[in-house]
Amino acid sequence: MALAQPPNPASTQTTASETVLTGSPAPTLAEQETLLAAYERVDRAHRDHYVTLAASARDAAVAPAPPPAPAPTRTAQKQPSKTTKSTSSSKTTKSTSSKQTTTSVAPPSGAAGTVVNFALAQVGKPYVYAKAGPDAYDCSGLVMAAYARVGIKLPHQSEQIAARGRQVPSGQWMPGDVIHTSGHVAIYIGNGKMVEAANPSAGIRVAPVRGGTAYRFL
């Protein structure tokens with residue numbers, strides 16, 4: 001007759017309704033709390049240890065040297081007073097030079113000088129069509145009045161004035177010659193300049209020669 005075997009502690013007993021694990025009994029609530037407190041103590045000790053190590057490493061580390069301060073920049077100081085004086089002096093010099101070039105033409109002597117001096121004396125007066133002085137002139141009226149000072153009678157018409165003169169080759173013009181362009185006459189005063197009764201807006205002025213043909217009456 002066989003002997004009955006003792007039940008295995010890890011075996012399972014099956015009932016009609018459920019399966020129940022058999023073996024070591026589950027820890028009580030007090031035991032679970034004790035175990036959890038032990039885990040917390042170990043975790044706290046490890047955390048304090050790592051914090052202490054991190055603080056030691058931080059204190060032992062050498063702080064990097066601060067970057068060097070940028071060198072101060074020097075701004076060149078302007079000298080407005082000297083520059084202003086220099087510019088003003090330059091402008092004054094240029095203005096004076098320009099004025100002298102425009103009006104300072106030495107008139108010739110003799111009858112040509114009389115014609116040129118008379119024409120220069122009229123500079124600044126107004127241009128009025130068909131007038132021949134003394135307060136206003138048109139282009140042919142100015143030439144006619146200037147030559148009347150030396151006893152030469154000329155017509156009051158630009159084309160007729162040119163027809164009565166002797167044509168002067170280019171490069172041989174002299175002060176007092178009459179410069180003729182289409183519909184216009186002026187008096188040559190030298191240095192590439194002429195006196196003309198230009199138009200109602202410009203009046204009588206000294207201006208650069210703008211081409212044309214020269215005629216001589218003296």
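Reply: Here is a short tour, one topic at a time.
This is a predicted model: local features need pLDDT of at least 70, side-chain atom pairs count only at pLDDT 80 or more, and totals for chains, interfaces and linings use all residues. Residues are numbered from 1 along each chain as its sequence is written, and side-chain values use heavy atoms, with hydrogens and water left out.

Me: Start with helix 4. How many of its 10 residues are buried?
Reply: Eight of them, so helix 4 (residues 139-148) is mostly covered; buried means under 20% relative accessible area, exposed over 50%, partly exposed in between (1.4 Å probe, protein chains only). Helices (H or I, at least four residues) and strands (E, at least two) are DSSP runs, numbered from the N terminus.

Me: Which residues of helix 4 are buried?
Reply: C139, S140, G141, L142, V143, A145, A146 and Y147.

Me: And what covers the buried residues of helix 4?
Reply: The cover includes helix 3 (110-121) and helix 5 (158-164). It also includes strand 4 (178-181), strand 5 (184-190), strand 6 (193-199) and strand 7 (203-208). Contact here means heavy atoms within 4.5 Å.

Me: Strands 6 and 7, then. How many bridges join strand 6 to strand 7?
Reply: Six, and the two strands run antiparallel. Two strands pair if DSSP finds at least two bridges between them. Strand 6 and strand 7 form a hairpin, with three residues between them.

Me: What is the bridge partner of M194 in strand 7?
Reply: A207.

Me: New topic. Where is N191?
Reply: N191 sits in the loop between strand 5 and strand 6. Its phi is positive, about 55°, although N191 is not a glycine.

Me: Is N191 buried or exposed?
Reply: N191 is exposed, with a relative accessible area of 65%.

Me: Which residue is joined to P134 by a cis peptide bond?
Reply: G133, and omega is about 0°. P134 lies in the loop between helix 3 and helix 4. A130 is in the loop between helix 3 and helix 4 too. Phi of A130 is near 70°, a positive value in a residue other than glycine. A130 counts as partly exposed, at 47% relative accessibility.

Me: Last one: where is L35?
Reply: L35 is in helix 1 (residues 29-60). L35 is partly exposed, with a relative accessible area of 47%. With L36 and Y39, L35 makes a nonpolar surface patch of about 340 Å².

Methods
Patches are made of residues with over 30% relative accessible area and no salt bridge: like charges are joined within 9 Å, nonpolar side chains (Val, Leu, Ile, Met, Phe, Trp, Tyr) within 5 Å. Accessible areas come from the Shrake-Rupley method with a 1.4 Å probe; for residues, only the protein chains shown count as cover. A salt bridge is a side-chain nitrogen of Lys or Arg within 4 Å of a carboxyl oxygen of Asp or Glu.
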